[in-house]
Amino acid sequence: MPLNIRTYRDLTEPDASGLPAQIGAQRHRVAARLAQVGRVVAVMSGKGGVGKSFVTAHLARAVARGGRAVGVLDADLNGPTAAGLLDAGRASLVVEEDAVLPATGADGVRLVSMDLLLEDGRPLAFRGPAADRFVWRGALEAAALREFLADVAWGSLDLLLVDLPPGLSRFEELADLLDRPPAVLTVTIPTPESRDAVRRALRAAMERGATPLGVVENMMGDQFRGDAAEVLAREFGVPVLARVPFHPPVGVWETLAARL
Amino acid sequence: MKFLCVECDRQMVFEERQLPGDGTLAAAFKCPSCGRVTALLTNPFETQLVSSLGVVIGGRTVPAQPLETVRGNVAGGRPDAFDEASGRAEARTAGPSWSAEAQQRLSQVPGFVRGMVKKIYAEYAKDHGIAEITPAVMDTARAELGLEGM
């Protein structure tokens with residue numbers, strides 16, 4: 001004779017744990033923190049080595065020089081470089097009552113990066129049981145992204161650039177955490193290999209509801225040959241926002257900044 | 001996650017949380033009708049998974065600290081990554097004193113997370129009207145708040 005057990009939803013008395021409410025509060029905290037942020041833009045490519053972080057840092061500096069308040073969230077938790085690229089130094093992050101103040105980089109760009117938190121040369125590692133580490137590590141990285149969004153006193157920003165690592169998982173986490181999917185700035189190098197990887201990433205982002213802003217072709221020149229930017233722009237109906245050679249000329253970042 | 005006392009057909013209520021050791025998180029639930037108490041025990045992997053989600057079984061009794069999950073779980077963090085003294089956080093939690101033994105124990109906490117741990121214990125003491133933080137208070141708070149690894 002089976003036990004007569006009611007469903008989870010049938011049990012309606014107060015639940016001290018309130019786990020769904022705790023998760024909801026986390027989401028609410030992200031939304032509240034970003035209420036003063038004009039626009040969140042994810043810088044992505046889906047492929048490593050195309051210079052996303054380089055583009056993000058120089059774009060942020062140009063936006064700041066143009067008089068807009070800008071922040072950089074380095075979402076590449078395992079390969080953080082924003083602090084170095086933005087000359088943020090190694091100053092301690094000041095802890096306020098309910099938030100941590102972001103570091104200040106070149107041209108006044110506000111930033112947070114795992115690079116600011118880890119000892120020199122140390123990879124990102126988490127304390128915890130060694131067995132089945134792969135299962136909970138992803139949850140911890142997603143939590144780190146959430147806390148970088150919600151627990152950093154970004155203040156009033158015109159633009160928050162989120163520098164994503166290669167792949168799609170961090171974009172998915174970001175899209176889940178925000179009220180609506182972020183706008184996407186796509187970075188590619190000219191090669192067919194980059195084009196194909198970026199195409200997949202951009203398609204996935206658009207299927208998730210993201211708005212593509214355009215394509216930045218980085219490392220343009222003799223070293224890498226191809227027409228990735230034109231092809232992607234045509235396929236997705238977006239502009240090529242900038243073509244950045246290996247040695248960017250004066251003004252290229254300002255031109256890109258003006259288009260965002 | 002809810003617990004049902006099948007005999008009474010009543011939803012059990014959260015009673016208390018403990019960290020008995022070996023990475024186990026114990027959460028006890030009591031039937032409001034018959035008084036039966038049942039404990040949920042998680043293995044270290046499950047304990048870590050709950051911690052990774054940034055949630056607390058039994059609910060929070062002190063507010064989440066900024067970057068709590070990052071600070072509580074990252075290994076190899078810079079000891080001076082955070083400055084607790086310059087901000088307003090320190091002033092808010094000034095209150096309970098620390099016994100010499102408690103200070104000694106706190107000094108053994110990695111610098112990366114020490115400021116946050118200190119603040120959490122101070123807030124716990126304040127909430128419970130405790131004037132001096134001792135190792136015993138730290139043990140109780142650690143268990144009640146589910147501060148595995150702190």
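**View 1. Polar contacts between the two domains of chain B.** In this predicted model, 2 residue pairs are in polar contact between domain 1 of chain B and domain 2 of chain B, both residues of each pair being at pLDDT 80 or more. Look for salt bridges across that interface and the rule comes back with 0. On the side of domain 1 of chain B that touches domain 2 of chain B, we've got 6 polar residues, 2 nonpolar ones and 1 charged one.

**View 2. How the domains of chain B sit against each other.** Chain B splits into domain 1, residues 1–59, and domain 2, residues 61–145. Their centres, taken over C-alpha atoms, are 25 Å apart. Contact here involves 9 residues from domain 1 of chain B and 7 from domain 2 of chain B. Together the two domains bury about 590 Å², and carbon and sulfur atoms carry 38% of that. Zoom in on Arg17(B), Leu19(B) and Ser51(B): this trio supplies 63% of the area that domain 1 of chain B buries against domain 2 of chain B, more than any other three residues. As for secondary structure, β3 (13–21) and α1 of chain B are the elements giving two or more residues to the domain 1 side.

**View 3. Chain B meets chain A.** Now for the interface between chains: 49 residues of chain B touch 49 residues of chain A. The area buried between the chains comes to about 4,500 Å², with 58% of it from carbon and sulfur atoms. The rule picks up 26 residue pairs in polar contact across this interface, again with both residues at pLDDT 80 or more. Sorted by class, the chain B side has 21 nonpolar, 15 polar and 13 charged residues.

**View 4. A salt bridge between the chains.** The rule finds 2 salt bridges across the interface of chain B and chain A. One of the salt bridges there pairs Asp9(B) with Arg6(A), and their closest N and O atoms are 3.1 Å apart.

View 5. Strand β6 of chain A, residues 125–126, teams up with β6(B) through 2 bridges, and the two strands run antiparallel.

How values were computed: Residues numbered from 1 in each chain as written. Chains lettered and ligands numbered in written order. Predicted model: local features only at pLDDT ≥ 70, side-chain atom pairs only at ≥ 80, totals over all residues. Heavy atoms only, no water. Contact = heavy atoms within 4.5 Å. Buried area = accessible area lost by both parts, 1.4 Å probe. Salt bridge = Lys/Arg side-chain N within 4 Å of Asp/Glu carboxyl O. Polar contact = N/O pair within 3.5 Å; in protein donor to acceptor, adjacent residues only side chain to side chain. Nonpolar A, V, L, I, M, F, W, Y, C, P; charged D, E, K, R; others polar. Pairing = 2+ DSSP bridges. Helix = DSSP H or I, 4+ residues; strand = E, 2+ residues; numbered from the N terminus. Domains from an automatic or database assignment.
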